[in-house]
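Here are my notes on the two-chain model you sent. Please read them with the structure open.

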Amino acid sequence: MSELLPVFLDVTSYVLILVLVALGLMIVFGMMGVINMAHGELFMIGAFVMVAAQGAGLPFLAGLVLAPLVVGFLGLLIETALIRHIYHRPLDTILATWGLSIALKQLIVLSFGPESQSVTLPLDGTLTLGAFSYPLYRLVLMAVSAVLIGGTFWLFIRTDFGLMARAVIARPTTAATLGIDTRRMYRWSFVIGTALAGLAGALVAPIISVDPQMGLGYLVPGFLSILVGGAGALAGVLVGGAVVGGVGNLLAVWISPVAALITVYILAILIIRLKPEGILGGRRAK
Amino acid sequence: MRNSLIALLIFAALAAAPPVIGGYWTGQLTGYLVYGLLAISLSLVWGYGGILCFGQAMFFGIGGYIMAVITKGMVLPDITSSYLGLIAAMAGAALFALALGYFLFAGRGISGAYLAIITLAIALVLERLMNNWYGLGGYNGLLNVPPIKLTFFGASFELWDRVPTFYAILIVVAVIFFGTTALLNSAYGLRLTACRTHPDRLASLGYSVLNIRLSVFSLSAAIAGLAGALFVTLDGFASPTLIGFTLSTEALIWVAIGGKEMLLAAFLGAILTRTAESWLSEIFGDYWILILGIAFMISVVLLPKGLLATPLEKLTEGKRR
């Protein structure tokens, strides 16, 4: 048991980060039908904001505040300059945001170089309970991610903004007739989604390798999580993230990481094919 | 038929190119022709068939590996015929596409964004698989793939030199291009358009939408497989990068920049993007990729039909009036 607990905690922390990334994707996909292929790069830029902040001698917390602000602002720019013009062509958003992701990746390569960067741990202690010990920062990371996920759910389920957002998701034209400014809702949802990605990137920066190519490693599992869980309800992301992130990481304990990754992708593809509305059910893609 | 007149002119210009551009660029252009063939296959399945495949390189890679395995004599040491390799590469890629297509499109099927993500994930899986399949060279791939050996009536000729290789490949590409164009101008092309735009109406007229989708998916895979098989003979090796995600997305960019709904534009998109890449990446260095990404974005937003297809269509329509 004491050997399994750290594994379980590692898996949980990965799942929580994956859910955080997927949640941003989901808000954008569920609400606007926009597939944002640059989401992984926004996550990556969040991590690089942390790298830059530490390079400038700022404390970890400052990086944590700056990352969502910088990436959220970037999201605002992207929505205004790019996404806004292609809402009515959902498939083209895949291509346009793919172009964007190439450009963003190269921008980071040009400013930071292609090699991986390191971020120092803000807390290097370990929590020891008897025979069990675990890095303290990972526990904090899990708690913060869980709070953020909870906060996002609260925002979309309990607030007026969330009510309007869900109205726009369910019946865009009716919502617009009732006086909801759908354009504004789209814009702010996009900004929230991107800011979440930036924050997730900054949060995991100390425990993973931060390099310009890291986005794809979260983008594809993120999308698979959404589709596996079901693109209808927000809670689908939790289920999908647990299946995709959890199964893959647990399998990696027993079989090679590559075999685990292949298995989990194939499993996800099978689930999506056999149950396109996702495990939780709900609406199919437009 | 203005369209095919322009296509003929372009192929004539390509045929006249080697003496003008010299040996090095002829070698480069041969590779670009093969990429152009991949672009043709993607344009067929995406622009005409309406199937957005984010992993077109998987068929290219399958074709490449089959060709390498056969011509290296890894299957049967005595039978290393290039012809057999090419045929097996096309058949293998087409069969894989048929099975995959049946899995993806049968019944309720999946389409649109879901299909894009799933094909992307499959390409990633295959790339990982090839990276770790040590019987097929793993990460390093298969080295020393022999060049194409042409045999007619007992005489045989190996394509080692740049110029004969160029013309052999140009002929193959031209045959595929004009063949596909003829097919698209036939009743099949009409069914394909109907299948893309109004699948429900087509089904109500008694056609099987599934069969049409499977046929175009497999046909395009066969062309991509042929391109992959030709490619490994040029470079002499087959590696996991041929099958994966990067080449797939590069092909998408060529086709989108060129124009997915026009075979000629997609073909030229690949050739011109690659040519521009080898020139401009020397001038702009690392900024080239940034420029390419931005150009791709702009062309998707402002010219959804493609950067080359728009003027090409103007050209053909202008003369008709």
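1. How far apart do the end C-alpha atoms of residues 166–190 of chain B lie, and how much of the span is helix? They lie 34 Å apart, and the span is 96% helix with 0% strand. Keep in mind throughout that this is a predicted model.

2. Residues 166–190 are one entry in a list. For chain B, UniProt gives "transmembrane region" in an unreviewed entry at residues 58–77, 83–105, 112–130, 166–190, 210–231, 251–272 and 284–303. Take residues 58–77 of chain B next. This span is 70% helix and 0% strand. Its end C-alpha atoms are 26 Å apart.

3. Residues 188–210 of chain A are 74% helix and 0% strand, with end C-alpha atoms 28 Å apart. Residues 134–157 of chain A are 92% helix and 8% strand, and the end C-alpha atoms lie 34 Å apart.

4. Helix α5 of chain A covers residues 136–158. Its 23 residues reach 32 Å from first C-alpha to last, close to the 33 Å expected at 1.5 Å a residue.

5. Which residues of α5(A) are buried? They are Y137(A), R138(A), S145(A), T152(A) and F156(A). Note that a charged residue, R138(A), is on this list. The cover over the buried residues includes α1, β2 (132–135), α6 (160–170) and α8 (182–204) of chain A.

6. Now the interface. Contacts join 33 residues of chain B to 34 residues of chain A. On the chain B side, the elements giving two or more residues are α3 (82–105), α4 (112–131), α9 (245–258) and α11 (287–302). The largest share comes from α4(B), with 13 residues. By class, this side has 26 nonpolar, 4 polar and 3 charged residues.

7. Finally, the core. The largest nonpolar core has 199 residues. Within this core, L38(B), A39(B) and A121(B) touch the most other members. Helix α1 (residues 4–32) of chain A supplies the largest share, 17 residues.

8. A121(B) deserves a look on screen. Which residues does A121(B) touch, leaving aside those up to four places away in sequence? The answer is V220(A), L224(A), Y265(A) and I269(A).

How values were computed
Residues are numbered from 1 along each chain as its sequence is written. Chains are lettered from A and ligands numbered from 1 in the order in which they are written. This is a predicted model: local features need pLDDT of at least 70, side-chain atom pairs count only at pLDDT 80 or more; totals for chains, interfaces and linings use all residues. Two residues are in contact if their C-beta atoms, placed from the backbone, lie within 7 Å. Helices (H or I, at least four residues) and strands (E, at least two) are DSSP runs, numbered from the N terminus. A nonpolar core is a set of buried Ala, Val, Leu, Ile, Met, Phe, Trp, Tyr and Cys residues joined through C-beta atoms within 7 Å. A residue is buried if 20 or more other C-beta atoms lie within 10 Å of its own, exposed if 12 or fewer, and partly exposed in between; C-beta atoms are placed from the backbone. The expected span of a helix is 1.5 Å times one less than its number of residues. UniProt positions are given in the numbering used here, feature names are shortened, and annotations may be inferred rather than shown by experiment.
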